[in-house]
Amino acid sequence: MKRILTIAGSDSCGGAGIQADLKTFSAHGLFGMSVITAVTAQNTQGVFGVQDISAELIQKQIEAVFDDIAVDAVKIGMVSITDTIKVIAQTLERYPVRNLVVDPVMVSKSGYHLLQPEAKEALIRYLLPMAKVVTPNIPEAEVITGMKINDLEDMKSAAVQIYHMNPEYVLVKGGHLEGEAVDLLYDGKDFKYYHSPRIHTQNTHGTGCTLSSAIASNLAKNMSVAEAIEGAKAYITVAIEQSFSIGKGVGPTHHFYELYKKAGLI
Ligand SMILES: Nc1ncnc2c1ncn2[C@@H]1O[C@H](COP(=O)(O)OP(=O)(O)O)[C@@H](O)[C@H]1O
Ligand SMILES: Cc1ncc(COP(=O)(O)OP(=O)(O)O)c(N)n1
């Protein structure tokens, strides 16, 4: 069985972060592992507190996994502060990571800063050059590039700028624009578009975490980057279509819908 690691923050309500990542890995038939960078107190209405894990313990978690287990892909999510970013980069450098997806998580949909603004430079300097695929949403691409993004042409310019920060591929996600949900992939030469109809629901908590984990899952299965994103886009579209309300705010996507349906459970 393929093994996949998420390095990310914990979301107590289970819709985003480590919890969404592990559900996505399971739904793809992979063995999921986790290195926790921060613990958030979070629900469908907001984020109410964050405790960062020490750099020493993050390093030990990464070493514990890699010293024992062959890892087929890694996804990095919430990294919170500069020390966390540095220790992840320094520690991963000692291990061969073939398939690294970096989701540059910055601000939650509820407006909480999951990346301290002063840590942006470290994320750009240390993590982007290690990434096979980096997956900014529109607000993240705006912060990384310093430009305003209003349409697909702006997404293209942002993708080119981010590509020059040295990841292998850039996927700018279009979930925050209006109309069709269009994501744009750039490999330094060509642009490729991934379209889906916009689903009208408020339950989109954890969509970015889920998409990046699905991409990493497909890379672990030896798919090409273009195929991995195509599969992940199909996965997130069904997961959003089948999303549901569990609290008073923004509910989670549904990770096991296809599996439950096949098993006749729903
Ligand atoms: N309402 C929606 N309908 C269909 N797809 C969506 C919708 N919102 C987001 N997506 C898709 O979900 C994925 C995550 O995108 P996005 O919401 O932009 O990221 P994030 O969760 O990081 O803000 C992308 O593939 C995007 O196109
Ligand atoms: C612990 C944790 N990590 C990441 C996020 C952000 O997840 P995302 O998929 O971008 O979803 P929203 O916060 O935008 O709903 C998070 N909330 N918590």
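An oxygen atom of ligand 2 is 2.9 Å from an N or O atom in the side chain of His205. That is a polar contact, meaning a pair of N or O atoms within 3.5 Å; within protein, one must be able to donate a hydrogen and the other to accept it, and residues adjacent in sequence count only if both atoms are side-chain atoms. This is a predicted model, where local features need pLDDT of at least 70, side-chain atom pairs count only at pLDDT 80 or more, and totals for chains, interfaces and linings use all residues. Residues are numbered from 1 along each chain as its sequence is written, chains are lettered from A and ligands numbered from 1 in the order in which they are written, and side-chain values use heavy atoms, without hydrogens and water.

**Ligand 2**

- Around ligand 2 there are 17 residues, each with a heavy atom within 4 Å of the ligand.
- The nearest are Gln42, Lys109, His205, Gly208 and Cys209.
- Gln42 places a polar side-chain atom 2.8 Å from a nitrogen atom of ligand 2.
- Gly206 has a polar backbone atom 3.2 Å from an oxygen atom of the ligand.

**Ligand 1**

- Ligand 1 is surrounded by 17 residues, and Asn137, His176, Asp183, Thr207 and Gly208 are the closest.
- The side chain of His176 has an N or O atom 2.7 Å from an oxygen atom of ligand 1.
- For Thr207, a polar side-chain atom lies 2.8 Å from an oxygen atom of ligand 1.
- For Lys109, a side-chain N or O atom is 3.2 Å from an oxygen atom of this ligand.

**Helices α7 and α8**

- Helices are DSSP runs (H or I, at least four residues), numbered from the N terminus.
- Helix α7 spans residues 207-220 and helix α8 spans residues 225-241.
- Their axes come within 8 Å and cross at roughly 140°; axes are lines fitted to C-alpha atoms over the stretch in contact, and angles run from 0 to 180 degrees between N-to-C directions.
- α7 and α8 are therefore oblique to each other: angles under 35 degrees count as roughly parallel, over 145 as roughly antiparallel, 65 to 115 as roughly perpendicular and the rest as oblique.
- On the α7 side, the contact (heavy atoms within 4.5 Å) includes Thr207, Leu211 and Ile215.
- On the α8 side, Val225, Ile229 and Tyr235 are among the contact residues.
- The contact of α7 with α8 divides into eleven nonpolar, four polar and one charged residues.

**Helices α1 and α7**

- Helix α1 covers residues 17-27, and its axis comes within 9 Å of that of α7, crossing at roughly 40°.
- That angle makes α1 oblique to α7.
- Gly17, Ala20, Asp21, Thr24 and Phe25 of α1 meet Cys209, Thr210, Ser213, Ala214 and Ser217 of α7.
- By class, this contact of α1 with α7 has four nonpolar, five polar and one charged residues.

**Helices α2 and α3**

- The axes of α2 (residues 55-66) and α3 (residues 82-92) come within 9 Å and cross at roughly 25°.
- That makes α2 roughly parallel to α3.
- Contact residues include Ile58, Ile62 and Phe66 of α2, and Val87, Ile88 and Leu92 of α3.
- Seven nonpolar, three polar and two charged residues form the contact of α2 with α3; Ala, Val, Leu, Ile, Met, Phe, Trp, Tyr, Cys and Pro count as nonpolar, Asp, Glu, Lys and Arg as charged, and the others, Gly among them, as polar.

Technical notes. Helices (H or I, at least four residues) and strands (E, at least two) are DSSP runs, numbered from the N terminus.
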